[in-house]
Amino acid sequence: MIKCIAIDDEPLALKKLVTYIKKVPYLELVAQCRSAIEAQQVIDNQPVEAIFLDINMPDLNGLDFAKTIKADHIKGPILVFTTAYSEYAIEGYKANGVDYLLKPYGFDEFESAAQKIKEICEIRQQSAETVEVSADTHDGVIYVKSDYKIVRISINKINYIEAMSEYLRISCEDKSKPVIVLLSMKKIEEHLPSSKFMRIHRSFIINLDKISEVKKNHVVLGDGVSLPIGDNYKEAFMAYVNSKILTK
């Protein structure tokens, strides 16, 4: 069971949220709160894995509250924002919300958000922060925990790696779908050869052998995927590219 809190200062909206939570068999409601301050007291006294929270609330709004509880975002509560105002959507995702329910939302939308929470909790339970690497034998292989399995990844087959909050999405040319793992960019960078891989953006590491084109502020890989080059990484990346350009 996933322990969760419902937060909304509007009684009817809170009642609806509580009703929806109770309809999902893997969610366990541990508290319903009329303010973020009240919810903070709950969090201080018991573990909470997910929070459904309104944004417009007196004293402390949902976005500001999110900033106070997401310092440890790998183990911290998973957030789903609820609000009647669509203009807060971008801010909600920046605050590491996994979904954004626009009032009046229905049960199907709520259930979809709950499913995202469930998937994240399952990944967390795998304790996938551990990566086993055959570095001593230089066999070019890493093993990662994903979807209750240990997946073998050939380093040369990696196209690119994308950071999604506390997760990584590893795209490989020999796999039908990306491998999703609970892992930091820093951790996986430690096990990738710097001669073949480079970080081109805060959210992307690419396999240099897969580059097809470089145009303006984007890299195009062999499979047609176009990835942005971040300002903080552009100088180092262009130095690499320029070192490979043939001249007279």
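Trainee: What should I know before I start?
Mentor: This is a predicted model, so local features need pLDDT of at least 70, side-chain atom pairs count only at pLDDT 80 or more, and totals for chains, interfaces and linings use all residues. Residues are numbered from 1 along each chain as its sequence is written, and side-chain values use heavy atoms, with hydrogens and water left out.

Trainee: How many helices and strands does the chain have?
Mentor: Seven helices and 16 strands. Both are DSSP runs numbered from the N terminus: helices are H or I with at least four residues, strands are E with at least two.

Trainee: What share of the residues is buried?
Mentor: Buried residues make up 44% of the 248 in the chain. Buried means under 20% relative accessible area, exposed means over 50%, and partly exposed is in between (1.4 Å probe, protein chains only).

Trainee: And what share of the contacts comes from residues 24 or more positions apart?
Mentor: Take the contacts with a separation of 6 or more: residues 24 or more positions apart account for 51% of them. A contact means heavy atoms within 4.5 Å.

Trainee: New topic. How many salt bridges are there?
Mentor: The structure holds ten. A salt bridge is a side-chain nitrogen of Lys or Arg within 4 Å of a carboxyl oxygen of Asp or Glu.

Trainee: Which residue does D54 meet in a salt bridge?
Mentor: K103, at 3.5 Å from N to O. D54 lies in strand β3 (residues 50-54) and K103 in the loop between β5 (97-102) and α5 (107-125), so the pair ties together parts 49 residues apart in sequence.

Trainee: Is D54 buried or exposed?
Mentor: D54 is buried, at 3% relative accessibility. K103 is buried too, with a relative accessible area of 18%.

Trainee: How accessible is K116?
Mentor: K116 is partly exposed, with a relative accessible area of 32%. D99 is buried, at 10%.

Trainee: What does E162 pair with in a salt bridge?
Mentor: The side chain of E162 meets that of R169, at 3.5 Å from N to O. R169 is partly exposed, at 25% relative accessibility.

Trainee: How many bridges join β10 to β11?
Mentor: Four bridges join β10 (residues 167-172) to β11, and the two run antiparallel. There, R169 stands opposite I180 in β11.

Trainee: What about β9?
Mentor: Five of the seven residues of β9 (residues 158-164) are buried, so the strand is largely enclosed by the rest of the structure. β9 pairs with β10 over six antiparallel bridges. I158 has C172 in β10 as its bridge partner.

Trainee: Which residue takes a positive phi in the hairpin of β9 and β10?
Mentor: S165, with phi near 55°. The hairpin has two residues between the strands.

Trainee: How many bridges join β9 to β13?
Mentor: Three, and the strands run antiparallel. Y160 has I206 in β13 as its bridge partner.

Trainee: Where is S203?
Mentor: S203 is in the loop between β12 and β13. S203 is buried, at 16% relative accessible area. Leaving out residues up to four places away in sequence, S203 touches I161, E162, A163 and M185.

Trainee: Last one. How do α2 and α3 pack?
Mentor: α2 (residues 36-45) and α3 (residues 62-69) pack at about 20°, with their axes 10 Å apart. That makes the two roughly parallel. Angles under 35 degrees count as roughly parallel, over 145 as roughly antiparallel, 65 to 115 as roughly perpendicular and the rest as oblique.

Trainee: Which residues make the contact?
Mentor: A36, A39, Q40 and I43 of α2, with F65, T68 and I69 of α3.

Technical notes. Pairing = 2+ DSSP bridges. Axes fitted to C-alpha atoms, helices over the stretch in contact; angles between N-to-C directions.
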